[in-house]
Amino acid sequence: MNDIVTGFADAAADWLADAKAYAADPVAALQAFGLAQAMAEATPAEQAAIASAVGLAMGEALATGPLIEAVAAEACGLAGGAGATLAAIDPQHRDSMDDASLRVPYADLAQHFLVAVGNERARSLALVDVSVLRGMRLVAQADGTALGHVPLEAPVPLRQILGGTDARAAAAQLGDLLLLSTSARLIGVSARCLRVAREHLGTRVQFGKTLSAFQVLQHGVVDAHIDVTLARSLLERVVDDWAIVAQRRTLLMALKSHASGAARATCRKGVQWMGAMGFADEGPVSPCLKHALVLAARYGGEARCRSAYRDDPIDLFA
Amino acid sequence: MLFSRDTDEGRAFRAEVRNWLAQALPAAYRHHLQVLDPAILRDWQRRLHARGWVAPAWPKAFGGMGGSIDEQLILLEELARAGAPPVLPTGVNLLGHALMAFGTPEQQARHLPAILDGSVFWAQGYSEPGAGSDLASLRTAAIEDGDHYVVTGEKIWSSFAHFCDWIFALVRTDPDAKPRHAGISMLLIDLRSPGITVRPIRTIAGRDEFASVVFDRVRVPRENLLGAKNDGWRVANHVLVFERLANGSPRHALSMWRKVRDVAERTGVASEHAFADRLAALEIRLLAHLALYRHAVERVKHEASIDDIAPVMKIVSTELLQALTELLLDAGEPHGAPMAFDLPGRSLELAGEYLLARRTTIFGGSNEIQRNIIANRVLGFPRVY
């Protein structure tokens with residue numbers, strides 16, 4: 001399975017390196033890349049591997065946009081219902097659409113939102129046409145993207161695309177894939193930050209030697225390297241054990257919590273290692289930190305995911 | 001076990017081990033402190049040896065279990081699960097591998113069986129009063145005199161040396177060698193030899209765990225040279241690889257996690273939000289460590305190097321263990337910091353566990369040295385001290 005992750009990560013990285021087409025029209029670019037077909041033909045475990053590979057590549061490239069959301073929807077067989085307009089997903093389970101609010105990443109790019117509605121007994125997946133929503137406010141995020149905040153003060157017309165047991169399963173699968181691939185993006189961002197910082201420390205000369213010759217800086221980078229290595233290992237294990245459904249969500253909560261904390265800490269340290277260049281907006285590390293902040297908060301942050309893990313922990317000696 | 005799916009053969013082996021442990025492991029030996037009475041260590045090793053499981057990684061040709069990687073892991077996991085005492089690592093996990101790689105047939109025939117059955121316990125003689133992390137600066141001299149080496153000097157921090165029978169020691173056989181590590185050899189020395197004085201050193205935990213070993217013109221037969229003369233550094237590095245692997249195992253952290261959970265439930269601290277949150281954070285890190293360990297095992301299965309992650313595992317496992325002992329103290333806090341804490345069927349030494357765990361980041365190449373290794377060999381940074 002790790003071969004699939006590596007293979008797809010390499011391919012996705014090459015593709016994202018020339019990301020003009022992606023930036024202009026993410027969904028069309030997704031189709032052109034062949035991910036839709038790959039996801040349609042893949043087993044659930046392979047879909048997880050592909051989703052995490054794409055996430056790693058996106059993180060490393062600091063790419064934004066709803067690519068993993070679209071990939072997850074493809075995996076759940078929902079893209080057909082959404083058509084090529086699908087661009088944003090709110091995977092939260094809510095009891096109804098008129099007593100809550102929607103918070104949707106990349107909402108400015110969307111024509112429809114895919115939402116899960118209902119309760120444990122009756123859940124469905126539905127499309128909301130953005131044009132019928134009233135009062136949506138776009139909240140600028142640190143990485144330059146927008147989070148759509150939609151107060152749902154009145155009933156919103158929905159177009160159900162999946163209902164009953166299928167919807168429940170698809171919603172859960174969707175949520176799992178988003179947690180997985182967002183964690184992968186965080187790890188990709190961390191890896192990029194480490195790479196950039198290492199290059200800087202290896203070339204910047206102060207007091208007659210490169211910064212990388214100072215042990216205190218070396219050990220700081222080592223600690224970040226350890227955190228990212230652990231996160232990457234956990235990601236690969238979660239993908240390998242994807243078929244064990246009973247423990248998947250708990251492991252994903254652990255993964256997202258760890259990846260969020262590691263990414264924020266690594267990128268925060270990266271700013272420090274780069275000195276004033278790190279603090280400058282034009283520097284190469286500041287975008288890493290901004291991406292880490294946004295992704296760490298998405299689909300559950302470090303503390304909330306840890307809390308969810310605590311509610312349903314894994315028996316390590318089971 | 002997490003991240004490990006047993007094959008049909010693995011499941012059968014796990015059941016066999018679990019059943020055997022239920023019968024063969026005395027209750028008094030379970031979930032004890034990390035250091036035990038030598039009599040318990042010898043007795044437990046004898047039982048394991050009789051079952052053929054004392055050296056899972058050794059080839060059958062040398063009397064080991066010759067187990068597959070999966071079988072070795074299953075055995076390790078089940079021993080941890082049952083709270084079994086450790087096998088003294090210096091013989092089985094360290095010297096044994098060096099003897100198999102560098103020993104003469106005579107040395108192998110003489111020493112390997114006694115390592116396996118626990119009739120001879122080995123100490124490790126590396127550090128000296130003036131040579132710790134900078135091991136290449138060691139000064140204990142071995143001068144050739146006919147069929148013998150005459151050894152003079154002092155080894156220190158030798159774990160369990162006060163109840164061991166032999167010691168494998170790094171000695172200087174060429175004082176003028178450049179670089180310094182080129183003049184070092186490995187000698188196998190009987191601790192009952194005339195001229196040897198062993199002085200136990202009490203640890204911070206109040207136990208005689210390590211010792212100073214003084215050599216005053218000790219005559220060691222030339223046949224006790226392990227490997228070639230002046231090639232001891234290579235032998236030592238071979239040993240260090242196994243030492244770091246053993247130190248990187250999640251076994252001790254797993255065992256400590258269970259103790260923390262049990263004590264916290266007993267005292268009621270487990271239900272406190274702040275405590276539960278800290279424990280969850282460490283559990284998540286332990287999960288990640290288990291994932292990394294499994295990753296390392298997969299690499300070993302495919303005969304790929306784990307040089308880049310062995311020091312990472314050593315750092316993570318030992319610092320995780322120490323962090324868990326911090327929680328252990330908090331879990332028992334309603335009772336102060338007791339040396340003894342009673343649980344159903346067993347007794348824990350809370351303060352003792354905390355104090356003992358201090359050693360793990362110091363021994364086997366301190367964690368600062370491990371970080372230097374990662375910085376230099378993995379990240380490509382300049383070598384600095």
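What follows is a short exchange about cysteines, ring pairs and charges over rings.

Q: Before we start, what kind of model is this?
A: This is a predicted model.

Q: OK, how many disulfides are there over all chains?
A: The count comes to zero disulfides over all chains. Cys193(A) is in no disulfide, and its nearest cysteine sulfur, that of Cys267(A), is 4.1 Å away, whereas a disulfide would need the two sulfur atoms within 2.5 Å.

Q: And is Cys193(A) buried or exposed?
A: Cys193(A) has 0% relative accessibility and therefore counts as buried; Cys305(A), at 1% relative accessibility, also counts as buried.

Q: Switching to aromatics, how many pairs does the structure hold?
A: There are eleven aromatic pairs over all chains. One of them joins Trp20(B) and Trp53(B), whose ring centres are 5.3 Å apart and whose planes are at 80°, so the pair is edge-to-face.

Q: Where in the chain do those two sit?
A: Trp20(B) belongs to helix α1 (residues 8-24) of chain B, while Trp53(B) lies in the loop between α2 (38-51) and α3 (69-82) of chain B, so that the pair links distant parts of the chain, 33 residues apart. Both Trp20(B) and Trp53(B) are buried, and together with Phe13(B) and Trp44(B) they form one aromatic cluster.

Q: Which charged residues sit over rings?
A: Among them is Arg42(B), whose charged end sits over the ring of Phe121(B), 4.1 Å from its centre. Another is Arg358(B), which lies over the face of Tyr354(B) at 4.2 Å from the ring centre.

Definitions and conventions. Residues are numbered from 1 along each chain as its sequence is written. Chains are lettered from A and ligands numbered from 1 in the order in which they are written. This is a predicted model: local features need pLDDT of at least 70, side-chain atom pairs count only at pLDDT 80 or more; totals for chains, interfaces and linings use all residues. Side-chain values use heavy atoms; hydrogens and water are left out. Buried means under 20% relative accessible area, exposed over 50%, partly exposed in between (1.4 Å probe, protein chains only). Rings of Phe, Tyr and Trp (its six-membered ring) pair if their centres lie within 6.5 Å; planes under 30 degrees apart count as stacked, over 60 as edge-to-face and the rest as tilted. Helices (H or I, at least four residues) and strands (E, at least two) are DSSP runs, numbered from the N terminus. A charge sits over a ring if NZ of Lys or CZ of Arg is within 6 Å of the ring centre and within 35 degrees of the ring normal.
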